[in-house]
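Colleague: I have the sequence and the coordinates open. Could we go through them together?

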Amino acid sequence: MSEPIYDERYARPGLYWGSKPTGLARDLVRIVRSLPRRPRTLVDLGSGEGRDSIYFARRGYRVLGLDISSVGVRKAGQRARRLGVNVRFVVGDIRTYRLKHRVDVVFSSGVLNNLPRRIRAARFEHFQANTAPGGIHAMNADVPKPYIPRQTTNPQATPFRSGELLGYYGDWQILDSGQVEFVSRSGGVPHRKAMDVVIARKPESTS
Ligand SMILES: C[S@@+](CC[C@H](N)C(=O)[O-])C[C@H]1O[C@@H](n2cnc3c(N)ncnc32)[C@H](O)[C@@H]1O
């Protein structure tokens, strides 16, 4: 499997996204500290060069990193091995990938805009159904704003509607949610972006 834009970026020397974990990964680790039970297993949807997967594995999670770019998957695996960190990286497509076991955490940063609108609800349903009771989702998605000029570095991506991401978590406990604006450097041209962010916990039981 390949994704030409990302394959090309990941084939370059160095780390396209850098080695530091995303803010979402750090927020998740902080929030989880206050929970009664520590999650153990985590899936990183769209793991890229593995910066967040490696960060989680170093904190004791059993991590599966999934990405459509085989170049990214190979690079992430090589980096993890070099650092002596145990992470399983696999090539897969978030549009079709089916989790085979229930996991404690589903994490995705900078990726969900690659889910076409017509399959989004079904995909969220699948990932939620395969999350353990009390498990966590930490997700973000780009949202368009009329006052931010649209800059498409990935023509296949479809933005979420403002608030759409939170809408998939109506029955879950919302641990953190909001919208952030920042300057992205993806594609080499700095541009402003707005992003919805949700960290949510699946109920232990439904009444
Ligand atoms: C903006 S990058 C973020 C990478 C990583 N989450 C990070 O923050 O370092 C988006 C990633 O999504 C991956 N991606 C795009 N479409 C995908 C799909 N349909 N299934 C799985 N991964 C996909 C790309 O290959 C790329 O690695």
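Colleague: Which residue stands opposite Asp196 in S7?

Modeller: That residue is Gln179. Please bear in mind that this is a predicted model.

Colleague: And how many bridges join S6 to strand S7?

Modeller: There are eleven, and S6 and S7, the latter covering residues 191-201, run antiparallel.

Colleague: In what order do the strands of the sheet come?

Modeller: The sheet is open and has seven strands, ordered S3-S2-S1-S4-S5-S7-S6, with mixed pairing. Strand S3 (88-91) and strand S6 (173-184) each have a single partner strand, so one side of each is left without a neighbour in the sheet. From one strand to the next, the twist averages 15°.

Colleague: Which strands does helix H5 touch?

Modeller: Helix H5, residues 117-129, packs on the sheet and touches strand S1 (41-45), strand S4 (103-108) and strand S5 (131-143). The direction of H5 makes about 150° with that of S5.

Colleague: Turning to the ligand, how many residues surround it?

Modeller: The ligand is surrounded by 19 residues, and the closest are Tyr10, Gly46, Arg51, Asp67 and Ser109. By class, this shell has six nonpolar, nine polar and four charged residues.

Colleague: Which side chains have an N or O atom by an oxygen atom of the ligand?

Modeller: Tyr10 is one of them, with a side-chain N or O atom 2.6 Å from an oxygen atom of the ligand. For the side chain of Arg51, the corresponding distance to a ligand oxygen atom is 2.7 Å.

Colleague: What percentage of the ligand's area does the protein bury?

Modeller: The protein buries 96% of the 590 Å² that the ligand exposes when taken alone.

Colleague: One last topic: at what angle do helix H1 and helix H4 pack?

Modeller: Helix H1 (residues 4-11) and helix H4 (residues 70-83) pack at about 35°, and their axes are 7 Å apart. Asp7, Tyr10 and Ala11 of H1 make the contact with Ser70, Val71, Gly72 and Lys75 of H4. Three nonpolar, two polar and two charged residues form that contact.

Notes: Residues numbered from 1 in each chain as written. Predicted model: local features only at pLDDT ≥ 70, side-chain atom pairs only at ≥ 80, totals over all residues. Heavy atoms only, no water. Near = heavy atom within 4 Å. Polar contact = N/O pair within 3.5 Å; in protein donor to acceptor, adjacent residues only side chain to side chain. Areas by Shrake-Rupley, 256 points an atom, 1.4 Å probe, with all protein chains shown as cover. Nonpolar A, V, L, I, M, F, W, Y, C, P; charged D, E, K, R; others polar. Pairing = 2+ DSSP bridges. Helix = DSSP H or I, 4+ residues; strand = E, 2+ residues; numbered from the N terminus. Axes fitted to C-alpha atoms, helices over the stretch in contact; angles between N-to-C directions. Contact = heavy atoms within 4.5 Å.
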